[in-house]
Amino acid sequence: MKYQSLRGTHDILPEETPAWQYIEKKIHEKFGSCGFCEIRTPAIEQTELFMRSIGDQTDIVSKEMYSFQDKGGRNIALRPEATASVVRAAIEHNLIAKDKISKLYYIGPMFRYERPQAGRFRQFYQAGIELFGTSSALADAEVVLAGIILFNSLGLRSLEVEINSVGCKKCRPAYEEELKKYLAANSSKLCADCNERKEKNILRVLDCKNESCKKVIFKAPSLEAMLCEECKSHFEEFSGSLSSFGVTVSVNDKLVRGLDYYTKTTFEIISKELGAQNAVCGGGRYDDLIEELGGPATPAVGMAIGLERLLFVMASQKLLPEPGKELDIYIAAIGHDAQKKALQQVFELRKSGISAETDLSGKSLKSQLKTADGLGARYVLIIGEDEMKKGSFSLRNMKTAQQKEIRMEELYREIEPTC
RNA sequence: GUGGUCGUAGCUCAAUUUGGUUAGAGCAUCAGGUUGUGGCCCUGAAGGCUGCCGGUUCGAGUCCGGUCGACCACCCCA
């Protein structure tokens, strides 16, 4: 095979597109009913946008971004996620105004140069929401709830919601300083990865799986204890409100996200069916990002869903709709004149919204009936030489195998009742 | 970026004890089973440079190296 799709990228084939259309439709419906409006941004942006927002020290930006110079010498990157783009667009078009709440959602492909794995691809689809303009912890809950509404409407079971707080710019620097000091004192017991994380993304050390590191972390200063009053009460209200709405949540104090812009709330919705990459949905609050990117200081919260992962969980829970084969009528034609007549008739039927198909390759009647059967045709209209002469045609009901002679004008009336 | 497992028709899989002649089957596809009638059944056809490149050997789908890709884990994250 000379050409194949690039590593970590996949063709979505005709047999799979109905499932994609199904979840996309639900996303539009449910996010819409939650008051979010769709926004579509370009797949490419200035590289700097992502360096500023996600953080140029993060793996996503430093190692995993598809970036290049265009012919005009501009530094361009394929978006690795959409929040930065949505914020940029919202600022650019004045969608963010003082004391105004904006609720946006998006759906589209994202790109990260990673080693492919279960639930991880180089081009993958995300659907997400962003809520700008309120610092209320209830807004964090609303965002989680929007995800839950979507998942429920798809029939998903046994998903778990994990939440945490990573503090804000008032309390986190002090904590990071504290943690850094502690880790520096114990650096000999930390793995190579952690010694690097210590410098680049120190909170991630808390989530290391290495046994030796775990021991060190066990005695490390706790982030929770260091949260300022504001963060603490924000987290309590967020957590409490979800519980009171009947959402079971568990606090995971290791839930530290790899994007720099998160403040206070972080959360994930995970599924055990997924393997190592188990988050179907992840998000959190980012109160400083909009200002950071040049907009008015505006608090915000958002989340993103990995669509391939969502589809995978749905498939394993047998929630994907059967690709329904249905065709109102198939016209079997014998002879060139008949084919022409058939095509004309199919054209008329299609114009009036009836699904119709014919075969112009001159196959035998038997073969055409087989094709019709394979397409799930309810009726087959047979146009042969006899019919062309007589001006009346055989209409076969494929379910009952009954056949009758009709004239073309009667066709609609005959097939209408079951439409 | 690191490590492990694996690449045989469109799909799912075969191919005997460190290798041995024209690489098989099921499903799917197409065509037939008498003149113009589907599903079931029967018959037949087509479909593979065994991922690619190189090496060992009289001989490689099978062994070795490389490469590309898939899967899984680390890392990271949706």
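Is Arg 204 buried, partly exposed or exposed? Arg 204 is partly exposed, because its relative accessible area is 28%, where buried means under 20%, exposed means over 50% and partly exposed covers what lies in between, computed with a 1.4 Å probe on protein chains only. This is a predicted model, in which local features need pLDDT of at least 70 and side-chain atom pairs count only at pLDDT 80 or more, while totals for chains, interfaces and linings use all residues. Residues are numbered from 1 along each chain as its sequence is written, chains are lettered from A and ligands numbered from 1 in the order in which they are written, and side-chain values use heavy atoms, with hydrogens and water left out.

- Among the atoms of RNA strand B within 4 Å of the protein, 52% belong to sugar or phosphate, and the rest belong to bases.
- These residues divide into 16 nonpolar, twelve polar and 21 charged, with Ala, Val, Leu, Ile, Met, Phe, Trp, Tyr, Cys and Pro counted as nonpolar, Asp, Glu, Lys and Arg as charged, and the others, Gly among them, as polar.
- A base nitrogen of RNA strand B is 2.8 Å from an N or O atom in the side chain of Arg 396.
- Elements that give two or more residues to this surface include β6 (123–132), α7 (192–200) and α14 (365–374), and the largest share, six residues, comes from α14; helices (H or I, at least four residues) and strands (E, at least two) are DSSP runs, numbered from the N terminus.

**Two buried positions**

- Arg 79, in the loop between β4 (75–78) and α4 (83–92), is buried yet has no salt bridge, and the nearest side chain of opposite charge, Glu 45, is 6.7 Å away; here Lys and Arg count as positive and Asp and Glu as negative, with His and the chain ends not counted.
- Ala 377 lies in strand β14 (residues 377–383) and counts as buried because its relative accessible area is 8%.
- Leaving aside neighbours within four places in sequence, Ala 377 is in contact (heavy atoms within 4.5 Å) with Leu 327, Tyr 330, Ala 372 and Met 398.

**Salt bridges**

- The structure holds 31 salt bridges, each a side-chain nitrogen of Lys or Arg within 4 Å of a carboxyl oxygen of Asp or Glu.
- The side chain of Arg 204 also meets that of Asp 207 in a salt bridge (3.6 Å, N to O), and Asp 207 counts as partly exposed because its relative accessibility is 28%.
- Arg 120 and Glu 114 pair through their side chains in a salt bridge (3.6 Å, N to O), and both residues are buried.
- Lys 264 forms a salt bridge with Asp 287, their closest N and O atoms being 4.0 Å apart; Lys 264 lies in strand β9 (residues 263–271) and Asp 287 in the loop between β10 and α11 (289–292), so the pair ties together parts that are 23 residues apart in sequence.

Terms used. Near = heavy atom within 4 Å. Polar contact = N/O pair within 3.5 Å; in protein donor to acceptor, adjacent residues only side chain to side chain.
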